[in-house]
Amino acid sequence: MMTLLFLAACFLAYANGANGNFKGVASLFGSKTTNYRTAIWWATVTTFAGSVCSIFLAGTLLKRFSGKGLVPDAIVSSPDFLLAVALGAGLTVILATVTGFPISTTHGLTGAIVGSGLVAAGTATNFSSLGTHFALPLLLSPLLAVAVGAVLYVALRWLRLKAGITKEWCLCVGQRQQAVAMPQPTSVLAMQEAVPLPEIATGEAEHCSQRYAGRVIGLEAQKIMDALHFLSAGAVGFARGLNDAPKIAALLLMVPALDMRWGIFAIAAAMAVGGLLNARKVAETMSHRITGMNHGQGFAANLATSLLVIGASRLGMPVSTTHVSVGALFGIGLTTQQANHRVVGQILLSWVLTLPCAALLAALAYLLLKSLR
């Protein structure tokens, strides 16, 4: 059972990495600051670093997601309960990943703990603790992220304009292939031949690349922005690892032969592999479907996300990096009037369904495990 529990926790970590690792670098890819390959590797390195640092910086989250205080201690120490939680949350997150929806592993774990706990402990489940320590931060964090993302973007835009940094728009110059009819003397039919013709196009906003003109302290404004953008994306990846790794590693607290430092290292490795192998669909949703963005907007979204998630991790609040990241992007999209309300509505629906889906799967897993004993 302990081996199965370890494998199930690694499966959940893999699903978490596949669904969540790209969230920090989505603005890099969406604003065309870099390509997908560079973005996912930067996400992998920074998330892994944050996961390892959670050994020293996020002990409160490790204890909170063990289930203690939510269900009786006798249930918390049961391998059946922990295995059911890992399976319920892992299956929920991987289902969302293959359909391209960025959901919250925190939501999935919370739902799985509740579903498995209700079957195992019934009315002994502590719902007041659930509301105070889990539900409230999860509900408030995306709303706070919308506000912080919008305010940060407006403030940074004001600073840019005061500094005299303006935008440049690229002009696309190249060739297009056009079929030209070539009359044939021996046939009534005309051949079609592709002829390259010169073309100049400005395109619409989402098809053009915006760059910042001017210099700041002797350096090109665009190079400074790109460096800050990469650093802010790395900060989000670090914050995500710091916030998510201890939540998953908490499932391994009851494995007596496992040093928790090695447990968190295994979780960090599984998260990294999941992101590298299975993040593409969620990457497209986060980068291109929520809102259009340029370099400055992406930087503002990352800065808001990293500040909120790192702060929550230090306070032991189980916020969702997904909720905060999507909220910050949506807040900026509202400010620029580029937000895709239909896609955001679909994402919100997936968030609503995460809790009951994880709870149901965990409850079924617990019943199945008990019946096999």
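What follows is a look at the cores, cysteines and cavities of a predicted model. Local features were taken at pLDDT of at least 70 and side-chain atom pairs at pLDDT 80 or more, while totals for chains, interfaces and linings use all residues. Numbering starts from 1 along each chain as its sequence is written, and side-chain values rest on heavy atoms, with hydrogens and water left out.

Start with the packing. A nonpolar core here is a set of buried Ala, Val, Leu, Ile, Met, Phe, Trp, Tyr and Cys residues joined through side-chain atoms within 4.5 Å; buried means under 20% relative accessible area, exposed over 50% and partly exposed in between, with a 1.4 Å probe and protein chains only. The largest such core holds 36 residues, and the members touching the most others are Phe22, Val25, Tyr36, Met286 and Ile290. With five residues, α13 gives the most. (Helices are DSSP runs of H or I, at least four residues, numbered from the N terminus.) Another core, of 34 residues, lies apart from this one and includes Leu82, Met260, Met271 and Leu369.

Beyond its neighbours within four places in sequence, Met286 is in contact with Lys23, Ala26, Pro102, Met293, Ser325, Val326 and Leu329, contact being heavy atoms within 4.5 Å.

On to the cysteines. Counting pairs of cysteine sulfur atoms within 2.5 Å as disulfides gives zero of them. Cys10 is buried, at 17% relative accessible area, whereas Cys53, at 26%, is partly exposed.

Points are joined across faces, edges and corners, and volume is the space filled by probe spheres set on them. Two cavities reach 30 Å³ or more.

Two or more lining residues come from each of α7 (105-121), α9 (221-249) and α13.

The second largest cavity takes up about 30 Å³. Lys23, Ala26, Ser27, Ala301, Asn302, Ser325 and Leu329 line this one, with α2, α12 and α13 each giving two or more residues.

Notes. 1 Å grid on protein atoms, 1.4 Å probe; cavity = no way out; pocket = protein on both sides within 12 Å on 5 of 7 lines; lining within 4 Å.
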